[in-house]
Amino acid sequence: MKGKTKKSSTHRIAVIMGDGIGKEVGPEGMRVLDAVGRRFGFKLDWELFPWSCDYYLKTGVMMPPDGLARLRAFDAIYLGAVGDPKVPDHVSVWGLLLPIRKEFNQYVNLRPARNMRGVETPLRDREPGEIDFYVVRENNEGEYSNVGGTVYTGTDREIVVQESHLHTPGCGKGHALRV
């Protein structure tokens with residue numbers, strides 16, 4: 001626009017690369033987002049946090065006790081894959097992923113899915129471009145609700161009760177999901 005200058009804004013992003021492929025694809029994703037920022041006139045100020053299963057193996061915690069408070073200061077969280085065979089899943093899930101998801105109401109895991117030439121799938125008779133959909137997985141409720149417990153613990157009658165709960169906002173009603 002003639003006579004007007006673009007207003008540049010800076011967004012503070014907390015980065016948790018996580019484990020495995022998260023450490024591989026995270027930096028590349030950041031490069032892409034930085035390029036998008038240059039193109040559209042905004043800047044991303046990245047701050048890396050080492051929280052991961054490696055961090056757990058060194059410290060005994062997935063993130064420090066003030067981790068959520070520290071993340072509140074940011075505009076967004078860029079979170080990579082978390083998990084390592086050396087650390088039980090419940091440790092990484094309940095020690096890092098779910099506290100972040102629940103605190104910041106990150107209730108959706110959105111994953112695009114596309115058919116790729118040369119990949120044998122049940123949809124193999126379709127051409128690339130014909131398949132374009134998104135998998136929306138709820139991240140806070142269902143099996144993540146932590147409702148239940150154990151009865152007769154430590155005996156031969158021990159029973160584990162797992163309950164799921166889903167409420168209207170968690171199922172997407174009332175939320176606009178734009179992709």
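A charge is taken to sit over a ring if NZ of Lys or CZ of Arg is within 6 Å of the ring centre and within 35 degrees of the ring normal. The structure is a predicted model, in which local features need pLDDT of at least 70 and side-chain atom pairs count only at pLDDT 80 or more, while totals for chains, interfaces and linings use all residues. Residues are numbered from 1 along each chain as its sequence is written, and side-chain values use heavy atoms, with hydrogens and water left out.

**View 1. Arg 157 over Tyr 152.** Arg 157 is placed over the face of Tyr 152, 3.9 Å from the ring centre.

**View 2. The tilted pair of Phe 49 and Trp 51.** Rings of Phe, Tyr and Trp (its six-membered ring) pair if their centres lie within 6.5 Å; planes under 30 degrees apart count as stacked, over 60 as edge-to-face and the rest as tilted. The ring centres of Phe 49 and Trp 51 are 4.7 Å apart with the planes at 40°, so this pair is tilted.

**View 3. The edge-to-face pair of Phe 49 and Phe 74.** The centres of Phe 49 and Phe 74 are 5.7 Å apart, and 85° separates the planes. Phe 49 belongs to strand E2 (residues 42-49), whereas Phe 74 lies 25 residues away in the loop between helix H3 (67-71) and strand E3 (76-79); helices (H or I, at least four residues) and strands (E, at least two) are DSSP runs, numbered from the N terminus. Phe 74 is buried at 11% relative accessibility.

View 4. Phe 49, Trp 51 and Phe 74 make up one aromatic cluster. Arg 12 lies over the face of Phe 74, at 4.2 Å from the ring centre.

Conventions:
Buried means under 20% relative accessible area, exposed over 50%, partly exposed in between (1.4 Å probe, protein chains only).
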